[in-house]
Amino acid sequence: MTPAARQSQHAPEVSAAARQSQHAPELRAAARHLNRRRFLTVTGAAAALAFAVGLPTAGTAAAAELDAARIPADPFTLGVASGDPRPGAVLLWTRLAPAPHQPDGGLPASRVTVRWELAHDEHFRRVARRGSTVAHPEFNHAVHVDVDHLDEDRVYYYRFRAGTWISPTGRTRTAPGPGARPAALTLGMVSCQRYDQGYFTAYRHLAQDDVDVVFHLGDYLYEYAVSDVAGARAYPAGTVPDVYRHEMVTLDDYRLKYGLYKSDPDLIAAHAAHPFVVTYDDHETENNYAGDIPENSVPPEEFLLRRAAAYRAYWENMPLRRPQRPDGPDLTLYRRLHWGRLAQFDVLDTRQYRSDQAYGDGWRYPGPESEDPARTLTGAAQERWLIDGWRRSRARWNVVPQQVTFSRRHNSTTLPSKLSMDSWDGYPASRERVLAGAEAAGVENLMVLTGDVHVHYGFDIKRDFDDPGSRTVGTEIVTTSVSSGGNGSEHPSNWATYLAANPHLRFYDGRRGYATVRLGHDLARADFKTMPYVTTPGAPLTTAASFVTEAGDPGLKPA
């Protein structure tokens, strides 16, 4: 489609376009000398030149070291986090930012030594591992520590030190070993947390919930401008600094926006309480971009500079390992995690490799363009990786955390009905290949975890959505937003229509909150949790509905 065909109801296009010029001129010139194919396969050395997001250097070229004792204010304003638990290993994260609303976080362009500890108890009387690492200015003083040689299936506590400053304590855990058969696993699901549309109260509740791991399914932040009163949060005038009054485009922009979001106390509490497994969607970069195709009319090299900046800032601020560190505008985010023999998690990236949305995006009638068999949502390599992983899986549950709605959604009871071109409905051939791959691999207990749409859905996944009598081959649990969309309502205006038009849709609720899923040997239970409001803090949490699906007999049933 042409960029002009995209329909955006958000920040004016001119705002983002004007920000493109903020990329350093020499970098933009370097980018223009690379064609698109070269741009997407650029090596690490060339990426450092082309994107000015260079890697730390060694020897005399290295940044000078800052004595951490000279840091004048608490550098742990963004809290701590952990992620991607593996058998006997977990990733620990923090970022030093005594002034999180400054592009440099309030630190000079110097290396800082950071010490870390991981203990069996929250008082650190029984330390299991300790060490030190370097917070590099090239990574905005972010720290990623991959701690291994730990006990499997064990809870740990961790903290960081920089000079005399001590971080908050975080709680994390390792995964069970490959042959282990744990009785159960409880996971949390969150997505879509637009700062200026509500408070992150859901995270305060999630921090106190009894879950083993949290899956963030995208839209961790939004690229749009934030006013001085933070929109629906209605802060006193002048509370949010002026640096957030424009759309994110440059590396400094994205780094600053993470400083705003990650300084939220409820988000800090959730990260400290549980390990996270993260994947992005569109807004961490730009609304509804598709691969290397932007939402608006900008040259491709300009958008790829923006994507490189967004991906770099994402990795810097997420608990991700080194294999996920981006190379210019490329980031290998899809990856596989295991929870013994109970569950295999295949975390997808449905944004970076997709074909462009058909028919100009939005809700459209399906046709030859959307139904082209060559279209892909995942890209060929990721699709093969997913299906090959299923063939080798020995897990009871095969779970796919990803971004956009997998199941069919008609928006009318009259056929033909429009479908969302940004979701799997806009890529039916891609969905069919995935379902055929699961069938060929003998996957019996397929579960898809989804975000994006700011509502709770519970779907039965049908082998053929065009046949109402088709067998159910899995379940899809869609979590609502943390804050995006404002307060929401239990029954949005299209609630009755959607339930009537989609008989495989078992549950629909439009309020904010999160979902949990408990995986056991014989069944899985999904709890959809909601709050009555997010535009003021302190909302109570209730469980709106609970469903179960039995191993070997897919389909959601009221609990």
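Let me begin with a helix pair: α5 passes α7 in a left-handed crossing, where left-handed is the term if the near helix is turned anticlockwise from the far one by less than a right angle, and right-handed if clockwise. Please keep in mind that this is a predicted model, in which local features need pLDDT of at least 70 and side-chain atom pairs count only at pLDDT 80 or more, while totals for chains, interfaces and linings use all residues. Residues are numbered from 1 along each chain as its sequence is written, and side-chain values use heavy atoms, with hydrogens and water left out.

Helix α5 (residues 201-208) and helix α7 (residues 265-273) have axes, lines fitted to C-alpha atoms over the stretch in contact, that lie 7 Å apart at an angle of about 25°. That makes α5 roughly parallel to α7, the word for angles under 35 degrees. On the α5 side, Thr-201, Tyr-203, Arg-204 and Ala-207 make the contact, and the residues they meet in α7 include Pro-265, Leu-267 and Ala-273, with contact meaning heavy atoms within 4.5 Å. By class, this contact of α5 with α7 has 7 nonpolar, 1 polar and 2 charged residues.

The other pair is α9 (residues 380-392) with α10, whose axes come within 9 Å and cross at roughly 20°, and α9 and α10 are therefore roughly parallel to each other. Here α9 passes α10 in a right-handed crossing. Among the contacting residues are Leu-386, Ile-387 and Trp-390 of α9, and Arg-433 and Val-434 of α10. The residues of the contact of α9 with α10 divide into 5 nonpolar, 2 polar and 2 charged.

Note on methods:
Axes are lines fitted to C-alpha atoms, for helices over the stretch in contact, and angles run from 0 to 180 degrees between N-to-C directions. Helices (H or I, at least four residues) and strands (E, at least two) are DSSP runs, numbered from the N terminus. Angles under 35 degrees count as roughly parallel, over 145 as roughly antiparallel, 65 to 115 as roughly perpendicular and the rest as oblique. Ala, Val, Leu, Ile, Met, Phe, Trp, Tyr, Cys and Pro count as nonpolar, Asp, Glu, Lys and Arg as charged, and the others, Gly among them, as polar.
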